[in-house]
Amino acid sequence: MRSLRRWKPEAQNPTSRTGFLRSLRFRLTLSYVLFFSVLLIGIGLLFQKTLQLGMDDDSRAALEEEWGAAKGYLHIEGGKPVWIADPTDPEEAYIVERLRHVYILADYNGKVLEHSQTYDSIGIDSPQEIGRILNLPMPEIHVRRDAEGVPYMIKAGYVRGDKGHPYFFALGRSIQGNERTVANFTKNYFLILPGLIFVAGLLGWALAGRAIRPLNLVAATAQEITGSNLSLRIPRRNANDELDNLIDAFNRMTVRLSESFDQIRQFSTDVSHELRTPLTAIRGQLEVALFTAEKPDQFRDAMVNALEDVEKLSSIVRALLLLSQAESGQLVLQKTRLDLGEVVADVVDQFQIPADEKNVKLTATLEPGWMANADRTQVERMISNLLSNALKYTPKGGKVHVSVHRDPEEGWIRLEVEDNGVGIPAENLPHIFDRFYRVRNAQTNYTQGLGLGLSFVSWIVSAHDGAIQVESKPGAGSRFIVRLPAAMALRESASEPATTTV
Amino acid sequence: MRILVVEDEKRIADFLSRGLESGGYTVDVAGDGTTALEMVHATEYDLIILDLGLPDMDGMAVLKKIRTRKTSPPVLILSARDAVDDRVKGLETGADDYLVKPFAYVELLARVRVLLRRGQPTPERLQVGDLSLDCIRRKVTRGGENIELAPKEFSILEYLMRNRGRPLSRTMIVEHVWDMDYDGLTNIVDVYIRHLRSKIDEKWPDKMIQTVRGIGYMLDSAERPAEKAI
């Protein structure tokens, strides 16, 4: 295992391959900037509103105070306003002067009794307006602007004269300062806003870079992986986050790749070994005959032997081709409804002669009517591979027994091939379905065979959604059990089990 | 000369023993590693031809066991594995030569002859007819005349003279002189042999470097008859 610290330049900067605008980092930063812009603008507007409301409240409170004070100083005697102030007190005179800066006094008919100059500029209230306000239970506060656009907050209501008549009275106060403060705040805030957003952008860029760095690391490692360095792993960050999950998934993928590479490598080594051996024999026999043989018979022997080896070589090539077609999915199964018992009976028939020659007793117990959806050619091949395997490892005088019957599990058919031959040592059992695997022992030392038969059987069984298992005891024999799914209608005829000893 | 062939493939063991026996050697065959070790223990062999793919144990393990004995004969490995690593591993474990299947029988025979010659003392001066080679001073003379040779030419000539009368394959020459196994280099052997011939053979009526069809080259002098080639 080797940790990766060195980055390849092209892998370090993914934008060079993906385009800057499409890069994840840029898009993350952009969302970050957008989010911050909206947030900052919202906060600014909220502050502005709060500021305005607060200042308006202050102005209103001041106006209320002035209203109360004015009411205290103002008396209406005989329809004329009289401001009661101690003329010797300059402060009192100043206060009254200030109160009278923006004010109007009118009778209930709307006739103006007295008003200040500023109020003139704001606009004298119409008699209707005066009538409306005099009918209100409480004074009203509103904002009006003078001719120059200076805003004034005005409180309008009534005061009682000496005879108890109501008079329209309005008092105002400039709130230009408030407006200016809010405007200044708004202007300054939105002036620094682009700067804030820019800083947010930089921060976002840095954060996105940090978040993406492990991704780039994964990319850089993936870049370095070839068939020859599949042991490369990305070091975990031990943060147990999504990125660690990605790294784990990536590492597991590399392990699986490495395993299948090893299998392929092993397979090609095996193939080359299997092809070289007969080639060596052919070449050597012919050469030696050429150099040493003197009689025609010796040449003949060499040629016959060489031909046998050529035959062996071509059967290896044929089997390899078939296996590679099967495993790459080029071999399409042509499934039809088959009576498994019948198919087995046919194949067992074909094997009687070789069995007799070897003096092995071949018997079968076949229940007819067990139907399966299967490819006849492949099922026949499967049975003959199992049978020839059993015959090969059963010595003279031994027995091979084939049976087709119901599986204990509903919907399954069971095919068994049993022999009392040499058996398979326990340590070899897990490998017997591997390609080119041959169990070698004293009795079968010089045995021929490709070591492909059982791996093909295993492929056929799984292609039919079945399962295969093997039980074996060295010296006592082996039993191969193939389980295949039964076709829908379980048994067409429920005939009695028939033992066919052919 | 007694040779032990350790090979589990019957056909290959058969033609090896038939061929070697007709070449005048006594041949025993062992079908697995255990038998081979027993036979090595019981009999003195001059050479062991060892197949790496044995049924009961790895050929390398057999080789290691043979090498632990006090006196052990040269071992020629036969293997269906031709990866450079396998070859290097074989030679490091103590094999004297390594031949990849499928091999030409004549190639095997040439190697067997050279291996059987090993163990004999190597003289400082090699003499074939009027051609002499001084291994220490690296000087070559023919008929008293000094001959200048390039280093590789010298190595090839030395190898040929040491194995006087034995055919050497191009591959053997490449392996010996270049210390490598490049199939592409076998042509270069022909080029060097041409140079050697122009330097040591051209002016003399007795042409020592002979082409052996199907194998490679052999050096011998007409003054003393060569061993039978095959």
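In what order do the strands of the open sheet of 3 strands in chain B stand? The order is 10-12-11, with antiparallel pairing. The model is predicted, so that local features need pLDDT of at least 70 and side-chain atom pairs count only at pLDDT 80 or more, while totals for chains, interfaces and linings use all residues. Residues are numbered from 1 along each chain as its sequence is written, and chains are lettered from A and ligands numbered from 1 in the order in which they are written.

Strands (E, at least two residues) and helices (H or I, at least four) are DSSP runs numbered from the N terminus, and two strands pair if DSSP finds at least two bridges between them. Strand 10 (168–169) and strand 11 (209–212) of chain B are at the edges of the sheet, each with a single partner strand, so one side of each lacks a neighbour in the sheet. Between strand 11 and strand 12 (residues 216–219) of chain B there are 4 bridges in the antiparallel sense, and Gln210(B) has Met218(B) as its bridge partner. Helix 6 (residues 151–162) of chain B packs on this sheet and touches strands 10, 11 and 12 of chain B; its direction makes about 70° with that of strand 12. Axes are lines fitted to C-alpha atoms, for helices over the stretch in contact, with angles from 0 to 180 degrees between N-to-C directions; contact requires C-beta atoms, placed from the backbone, within 7 Å.

In chain A, strand 12 (residues 412–419) is joined by 7 bridges to strand 11 (residues 399–406), antiparallel, and by 7 bridges to strand 14 (residues 477–485), also antiparallel. Ser403(A) is the bridge partner of Glu416(A), and Arg414(A) stands opposite Arg483(A). The hairpin of strands 11 and 12 of chain A has 5 residues between the strands, and Gly411(A) there takes a positive phi near 85°.

Ile247(A), in helix 8 (residues 242–292) of chain A, is buried because 22 other C-beta atoms lie within 10 Å. Beyond four places in sequence, Ile247(A) contacts Val218(A), Ile234(A) and Arg236(A). The C-alpha atoms of Ile247(A) and Ile234(A) are separated by 6.5 Å.

Note on methods
A residue is buried if 20 or more other C-beta atoms lie within 10 Å of its own, exposed if 12 or fewer, and partly exposed in between; C-beta atoms are placed from the backbone. Two residues are in contact if their C-beta atoms, placed from the backbone, lie within 7 Å.
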